[in-house]
Amino acid sequence: MSASGLWYGGDYNPEQWPEEVWAEDVKLMREAGVTMVTLGVFAWARLQPGPQEWDFGWLDVLLDQLHAHGVAVDLATATASPPAWLVRAHPELLPVTADGVRLEFGSRQHYCPSSPVYRAAAVRLARALAERYGRHPAVALWHVHNEYGDHVTECFCAESAAHFRRWLGTRYGTVEQLNSAWGTGFWSQHYRDWTEIEPPRTAPGPVNPTQVLDWRRFCSDALLECYRAEKVVLDELAPGTPVTTNFMSMFKALDYWAWAAEEDVVADDAYPDPADPTAQVGAALNYDLMRSLKGGAPWMLLEQAPSAVSWRAVNVPKRPGLQRLWSLQAVARGADAVLYFQWRASRAGAEKHHSALLPHRGTDSRGWRETVRFGAELRRLAPVVGGRSTAQVAIVLDWDSWWALELEDHPSARMRWSELLRPWYAALHRRNIAVDFLPPDGELGYYQAVLAPNLYLLRTATARRLTAYAAAGGHLVCGPFSGVVDEHDHIHLGGYPAPLREALGVVVDEWWPLPEGAEAEVVLEGGARVTATRWTEWLETEGAETVGRYGSGPLAGRPAVTRHGTAWYLSCDLGPQTGAVLDPILDRAGVTPVLAAPEGVEATLRRTPDGAEHLFLLNHTDEPVELALPEGWQRAADLLDPARTPDPALRLDPLGVAVLRR
Ligand code: GLA
């Protein structure tokens with residue numbers, strides 16, 4: 001897949017329109033500078049109108065037309081929504097909820113991931129498409145399914161139960177091993193035989209937590225098997241063409257480390273909310289994750305909204321300039337593609353109120369003018385294609401730990417991974433400090449600082465590696481409620497955070513969660529006072545030095561933040577004030593920002609294989625800003641503004657962007 005520039009385009013659903021419209025589509029795509037469309041995502045019923053009927057004629061025409069006009073195709077395997085005839089012939093493929101309700105046909109994504117009927121039909125369709133178009137010159141990328149886990153992440157039917165038992169058999173070998181891992185001595189849950197085991201369906205009270213944890217692992221794996229079955233066929237029949245499936249940013253149900261390993265290129269769908277004034281922080285976080293999933297390789301933004309979406313309670317449009325700014329933010333953070341949902345606004349169906357590159361009003365609309373203007377502008381950024389970024393800081397992200405953290409009956413239901421992570425990330429983002437995400441077994445040695453905002457579930461091997469990292473002088477910062485359980489969700493006995501106790505030089509006597517509205521003051525070294533919400537801990541030092549103490553409440557006077565050599569422990573949630581602890585640690589670690597810029601100005605750097613550096617500067621505020629450029633950048637050209645003359649200062653309009661190249 002090679003583009004002469006950044007890919008530009010979106011989901012194209014021609015099956016929703018009469019044929020007369022197609023020629024106009026292609027003509028307008030050219031006008032807008034579209035270089036790629038995602039074709040056929042929900043076209044199963046059209047492609048295969050009956051069990052033995054196929055209709056490829058329309059797709060033949062479209063692929064040829066698109067190719068003739070220089071538009072590459074990200075061809076979907078169309079397997080996310082089985083057609084009515086298949087569902088009526090095999091109602092058992094519909095998914096079942098934990099309460100035993102079978103979900104009906106009439107929306108989308110209505111299938112059981114373990115269903116052999118669904119799987120066989122999906123692979124058959126993928127095979128038919130790959131046989132026909134595997135070598136079609138228009139096809140630059142294969143798009144398996146669509147957003148695995150959207151709407152339906154799990155199915156509790158009998159077929160899924162049997163599949164779960166097979167999965168457990170592979171994991172544990174014997175029922176006794178399972179009994180020991182699940183702690184079934186508790187509440188009389190012992191199993192004598194595999195056949196007695198079921199998925200964690202709705203039960204009278206809390207379901208065995210390890211059973212639920214294994215279920216999460218199983219559900220991610222079951223969907224991954226569906227992806228893999230299609231990928232194998234595409235690799236066989238369309239060798240050399242990359243294969244992807246579109247992710248949903250920081251999505252709990254799928255372990256994207258495992259998934260990304262089986263993609264040729266990472267692709268994401270991102271829908272930051274224009275009504276949220278801090279949306280750019282969450283977006284940056286998601287984009288950094290996408291960049292990190294394949295070790296820094298460029299990724300593709302496959303979907304975003306040109307303006308409003310249709311699925312929030314209130315769908316605020318993007319004010320002029322915002323879609324440009326947010327698209328370029330994705331490019332700044334490693335995307336080599338800017339695509340949208342969708343090309344032409346639907347006339348009917350559940351998403352007819354969703355914005356599109358070509359709005360209902362047609363070409364005489366603000367939306368269309370932005371589509372054309374931005375397509376032209378994006379062409380100027382061709383030099384950044386393939387560019388990578390480096391980071392001095394890493395954040396450890398473990399899906400197992402995320403799943404375990406959010407199990408039921410914990411000290412506080414308010415400990416949610418995304419909410420714990422966000423303020424740590426925001427503290428880096430505010431200062432333009434580049435960051436990578438790392439899996440729990442990722443290579444730490446390269447980084448000047450490693451942050452673990454929460455590792456509730458901590459394997460001994462991971463703890464050993466973190467300990468070795470800190471012992472070798474790496475700056476390690478661990479957040480609260482970490483090192484609590486092992487991979488089976490069994491407590492690490494002897495004082496939390498047991499496997500990190502030596503590295504951190506602390507022991508927690510008891511968790512001290514704060515209810516909604518409660519706060520505890522924390523006084524930091526040097527006298528700064530910050531506020532903990534959500535969570536505090538009764539902490540004792542064992543060799544660590546106290547660098548912050550609780551200043552109020554039942555823990556007043558006790559340690560809150562500690563330092564042991566180069567290993568820090570933060571025992572509370574400081575929310576938006578987390579930077580008060582992190583900033584001095586990062587300074588001490590010698591971590592430097594990409595650029596010290598005024599508040600609200602985001603700066604990132606991408607280096608391309610030709611040795612050029614690209615400094616992205618994005619003004620997320622509604623005010624113009626002026627910033628002083630460091631020596632080496634003052635004469636750099638702005639790819640977006642060819643008229644820029646060398647100047648030590650740079651002015652950015654409200655929501656403005658510059659991409660300097662040197
Ligand atoms: C998702 C889906 C699309 C569409 C958009 C709407 O990303 O993949 O089919 O529903 O959301 O925002």
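Helices (H or I, at least four residues) and strands (E, at least two) are DSSP runs, numbered from the N terminus. The structure described here is a predicted model, in which local features need pLDDT of at least 70, side-chain atom pairs count only at pLDDT 80 or more, and totals for chains, interfaces and linings use all residues. Residues are numbered from 1 along each chain as its sequence is written, and side-chain values use heavy atoms, with hydrogens and water left out.

**The sheet**

- Nine strands form an open sheet with parallel pairing, in the order E5-E4-E3-E2-E1-E9-E8-E7-E6; two strands count as paired if DSSP finds at least two bridges between them.
- Strand E5 (243-244) and strand E6 (246-247) stand at the edges with a single partner strand each, so one side of each has no neighbour in the sheet.
- E6 pairs with strand E7 (residues 267-269) in the parallel sense over 2 bridges, and Asn-246 has Ala-267 in E7 as its bridge partner.

**Packing of helices H6 and H8**

- Helix H6 (residues 158-172) packs against helix H8 (residues 209-237) at an angle of about 105°, and their axes are 10 Å apart.
- Axes are lines fitted to C-alpha atoms, for helices over the stretch in contact, and angles run from 0 to 180 degrees between N-to-C directions.
- H6 and H8 are therefore roughly perpendicular to each other (angles under 35 degrees count as roughly parallel, over 145 as roughly antiparallel, 65 to 115 as roughly perpendicular and the rest as oblique).
- Among the H6 residues that meet H8 are His-163, Phe-164 and Trp-167, while the H8 residues that meet H6 include Asp-214, Trp-215 and Phe-218; contact means heavy atoms within 4.5 Å.

**Cis peptide bonds**

- Phe-341 and Gln-342 are joined by a cis peptide bond with omega of about -5°, and Gln-342 is placed in the loop between strand E9 (335-340) and helix H12 (366-379).
- A cis bond also runs from Tyr-496 to Pro-497, with omega near -10°; Pro-497 is found in the loop between strand E13 (475-478) and helix H16 (501-504).

- Glu-147, in the loop between strand E4 (139-143) and H6, has a positive phi near 45°.
- Glu-147 counts as buried because its relative accessibility is 9% (buried means under 20% relative accessible area, exposed over 50%, partly exposed in between, with a 1.4 Å probe and protein chains only).
- Ser-188, in the loop between helix H7 (175-182) and H8, has a positive phi of about 60°.
- With 72% relative accessibility, Ser-188 counts as exposed.
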